[in-house]
Amino acid sequence: MPEFIIYALVAGIGLATVMGAIGVFVVWRRMAYFGDTLAHSALLGVAVGFIIGININVGIIAVCLIIAIGMVYLRSQRHLAEDTLLGILAHSSLALGLAAISLFSALRVDLMSYLFGDILAVTPEDIAWVYGGGIITLGVLAWLWKDLISITVHEDLARTDGVNIFRTQLVFMTLFALVIAMAMKIIGILLVTALLIIPAAAARRFARTPEQMAVFAAIAGSIAVAIGLQGSLLWDLPTGPAIVIAAALLYAASLAFPMQQNSR
């Protein structure tokens with residue numbers, strides 16, 4: 001097996017494992033559109049990173065957090081429906097990112113690789129970034145797990161039980177932004193939300209507990225990565241979309257099985 005395929009598979013499985021755990025809450029809390037908003041804002045983070053001369057991953061995380069905090073503030077004003085606000089922020093930040101990159105002619109940015117990913121170009125340094133960031137993400141997520149479950153089930157009861165809602169949500173948003181930064185090169189800005197949602201949605205049909213759902217989502221995502229890579233090689237498909245198609249096929253297959261009674 002070629003070395004670049006091994007690198008791609010190792011990086012993809014690592015990313016799928018982390019995204020499976022995060023995806024549980026994205027599905028339960030109906031945060032798909034929120035995830036799209038953060039993913040679209042990542043391109044603005046790329047532009048900011050290049051323009052001011054910082055690591056682009058730092059730029060992505062910073063911009064994603066600003067967008068997330070801005071969303072929380074605007075939602076509290078109740079001037080517009082949440083989906084409308086998310087649409088405004090998602091498309092505005094994506095347009096700003098594209099405009100910023102086009103205005104600075106000195107920037108040499110491969111937009112296609114950022115938008116749709118290029119998992120076959122993964123390096124050992126990228127793998128280290130995925131697994132290092134993944135260990136941090138999973139560790140912090142394990143620490144927040146009970147609080148996130150409580151907030152998901154009933155936010156007011158969680159607040160009564162002493163859960164710090166704002167802190168928990170802010171840390172979760174930070175993890176979300178970190179995962180997007182990790183996934184950008186592998187699956188691409190425009191497809192990252194799909195890999196968060198689809199494996200978790202497929203896993204939901206088989207899981208009886210939140211922990212089972214996270215594990216099954218990680219397994220489903222890893223299988224999608226392997227099938228997508230194979231399909232990309234066989235039929236000369238773009239790898240990021242091939243992985244998402246594989247995940248969608250897995251979800252379609254899962255519909256043949258009954259939903260477990262104790263899953264959300």
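A salt bridge here is a side-chain nitrogen of Lys or Arg within 4 Å of a carboxyl oxygen of Asp or Glu. Asp156 forms one with Arg159, the closest N and O atoms being 3.2 Å apart.

This is a predicted model, in which local features need pLDDT of at least 70 and side-chain atom pairs count only at pLDDT 80 or more, while totals for chains, interfaces and linings use all residues. Residues are numbered from 1 along each chain as its sequence is written, and side-chain values use heavy atoms, with hydrogens and water left out.

## Salt bridges

A search of the whole structure finds three salt bridges. Their pairs and N to O distances follow.

| Pair | N to O distance |
|---|---|
| Asp156 and Arg159 | 3.2 Å |
| Arg159 and Glu155 | 3.4 Å |
| Asp147 and Arg167 | 3.8 Å |

Secondary structure comes from DSSP runs numbered from the N terminus: helices are H or I with at least four residues, strands are E with at least two. Asp156 and Arg159 both lie in helix α7, three residues apart, about one turn of the helix. Arg159 and Glu155 are also placed in α7 (residues 155-160); because they are four residues apart, about one helical turn separates them. Glu155, Asp156 and Arg159 are linked in a network of salt bridges.

How exposed are these side chains? The classes rest on relative accessible area: buried is under 20%, exposed is over 50%, and partly exposed lies in between (1.4 Å probe, protein chains only). Asp156 is partly exposed at 48%. Arg159 is partly exposed at 42%. Glu155 is partly exposed at 32%.

The bridge between Asp147 and Arg167 has an N to O distance of 3.8 Å. This pair links distant parts of the chain: Asp147 sits in helix α6 (residues 124-153), Arg167 in helix α8, 20 residues apart. Asp147 is partly exposed, with 21% relative accessibility. Arg167 is partly exposed as well, with 36%.

## Helix packing

Two packed helices are described by the angle between their axes and the distance between the axes. Axes are lines fitted to C-alpha atoms, for helices over the stretch in contact, and angles run from 0 to 180 degrees between N-to-C directions. Angles under 35 degrees count as roughly parallel, over 145 as roughly antiparallel, 65 to 115 as roughly perpendicular, and the rest as oblique. Contact means heavy atoms within 4.5 Å.

Start with helix α9 (residues 192-204) and helix α11 (residues 239-254). They pack at about 20°, with their axes 8 Å apart. That angle makes α9 roughly parallel to α11. The crossing is left-handed, a term for a near helix turned anticlockwise from the far one by less than a right angle; clockwise would be right-handed. Ala194, Leu195, Ile198, Ala201 and Ala202 of α9 meet Ile243, Val244, Ala247, Ala248, Tyr251 and Ser254 of α11. The contact of α9 with α11 divides into 10 nonpolar residues, one polar and no charged. In this scheme Ala, Val, Leu, Ile, Met, Phe, Trp, Tyr, Cys and Pro are nonpolar, Asp, Glu, Lys and Arg are charged, and the others, Gly among them, are polar.

α8 also packs with α9, at an angle of about 110° and with the axes 9 Å apart. The two are therefore roughly perpendicular to each other. Phe176, Val179, Ala183 and Ile187 of α8 make the contact with Val192, Leu195 and Leu196 of α9. The residues are seven nonpolar, no polar and no charged.

Helix α1 (residues 3-28) packs with α8 at about 145°, with their axes 10 Å apart. α1 passes α8 in a left-handed crossing. On the α1 side the contact includes Leu15, Met19 and Phe25; on the α8 side it includes Phe172, Phe176 and Met182. By class, the contact of α1 with α8 has 14 nonpolar, no polar and no charged residues.

## Two buried residues

Gln169 lies in helix α8 (residues 165-187). Gln169 is buried, with a relative accessible area of 16%. Not counting residues up to four places away in sequence, Gln169 touches Arg29, Ile151 and Glu155.

Val122 lies in the loop between α5 (111-116) and α6. Val122 counts as buried, at 5% relative accessibility. Which residues does Val122 contact, leaving aside its neighbours within four places in sequence? They are Tyr7, Ala11, Ile127, Lys185 and Ile186. The C-alpha atoms of Val122 and Gly12 are separated by 9.6 Å, though the two are 110 residues apart along the chain.
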